[in-house]
Amino acid sequence: MVRVPKLTRADAVAALRNPLAFIADRWTPASRTVRRAALAALVMSVVIVVTGGAVRLTGSGLGCPTWPECTDGSLTPTSALSYHSAIEFGNRMLTYVLCAAVGWAIIAARAGKPYRRGLTRLGWAQFWLVMGNAVLGGIVVLVGLNPYTVAAHFLLATALIAVAVLMWQRAREGDGAPRPLVGKAVQQLVWFLVVASVLLIAVGTFVTGAGPHAGDTSDVKRIPIDWETIAKLHAVLAWIVVTLTFALWFVLKAVDAPKGPLDRTRDLFLILLGQGVIGYVQYFTHLPEVLVGLHMFGSCLVWIFVLRVLLSLRERPQDALDVPGPSAGVTVGTRA
């Protein structure tokens, strides 16, 4: 049997004063543990978006008509409420799972050896984004699913995904100065791709805000613009993103770029094709809920892989001044 060390009074006081430092002094996670923790936070940030979409698509946005309680006088759904309350409450409960995943990423990053302040800060950035979006989610309910607040709720979740992707990537790299793998012209092309993708996602929230899936079975205010017109603008932006991705792949081939950027660009192109097919099918079949949900999931994937293309344009080797801890099981400094 493994003997459990005795916890002294001094240990208890130290744990209360700075629990993260207390854990870091007594535990050194392997490099793969830190990477897996960062990946878990990323996966949960996507799951919460997809389940939030399920709440809207099932008309359960006001299943719990108040916040932070589900209904007046009860934190949980009551028998007087419909199944919509269970769906909405289930999504609220997943926020705690997301918090646990982000918390695990923070603890693993803080306990890693050598200590990487930047990696830990990315974990804390996710935590505050989750807290901010939880409050915004409550506001969404209290204002009766106002479409502008719903759009902001989704965009803040998209920002969370961006930070989670960055932390996952940084967990697989060192802390040395970044070295570009491609020239300035290629980097600028990729930044055009990132900006176009941001516009695509932002306009997509207006498509949702003007479309028929209001999030509740009752009469909910919609954005006062023609849905088909904004959907066509969304499609034009999608084609711009596809064209930029296609052009980027040829440019990378022409300049004999490393395999990492080429592979990430190819992956993005394939995901964009799949997302485009879903988008057109849902448009011509009058937005069936299942396809809209798949399109939301595809939006998360597109954003993740756009960021992976951006991050693949440089490498960050391990700083020569860093001395790996005893549990450093793999070599950092791999390419994106």
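View 1. At 60% relative accessibility, F284 counts as exposed (buried means under 20% relative accessible area, exposed over 50%, partly exposed in between, with a 1.4 Å probe and protein chains only). Next to F284 in this view is Y283: their ring centres are 5.1 Å apart and their planes stand at 90 degrees, so the pair is edge-to-face. Rings of Phe, Tyr and Trp (its six-membered ring) pair if their centres lie within 6.5 Å; planes under 30 degrees apart count as stacked, over 60 as edge-to-face and the rest as tilted. Y283 itself is partly exposed, with a relative accessible area of 24%.

A note before moving on: this is a predicted model, in which local features need pLDDT of at least 70, side-chain atom pairs count only at pLDDT 80 or more, and totals for chains, interfaces and linings use all residues. Residues are numbered from 1 along each chain as its sequence is written, and side-chain values use heavy atoms, with hydrogens and water left out.

View 2. Y280 and F284 both belong to helix α9 (residues 259-284), four residues apart, about one turn of the helix. Helices (H or I, at least four residues) and strands (E, at least two) are DSSP runs, numbered from the N terminus. An α-helix has 3.6 residues a turn, so residues three or four places apart point the same way. The structure holds nine aromatic pairs; Y280 with F284 is a stacked one, at 6.5 Å centre to centre and 15 degrees between the planes. Y280 is partly exposed, at 38% relative accessible area. Together, W227, Y280, Y283 and F284 form one aromatic cluster.

**View 3. Two arginines over aromatic rings.** The charged end of R110 sits over the ring of Y115, 4.5 Å from its centre. A charge sits over a ring if NZ of Lys or CZ of Arg is within 6 Å of the ring centre and within 35 degrees of the ring normal.

**View 4. Helix α3 and the residue after it.** Helix α3 (residues 31-57) has 27 residues and reaches 40 Å from its first C-alpha to its last, close to the 39 Å expected (1.5 Å times one less than its number of residues). Just after α3, G59 takes a positive phi of about 70 degrees.
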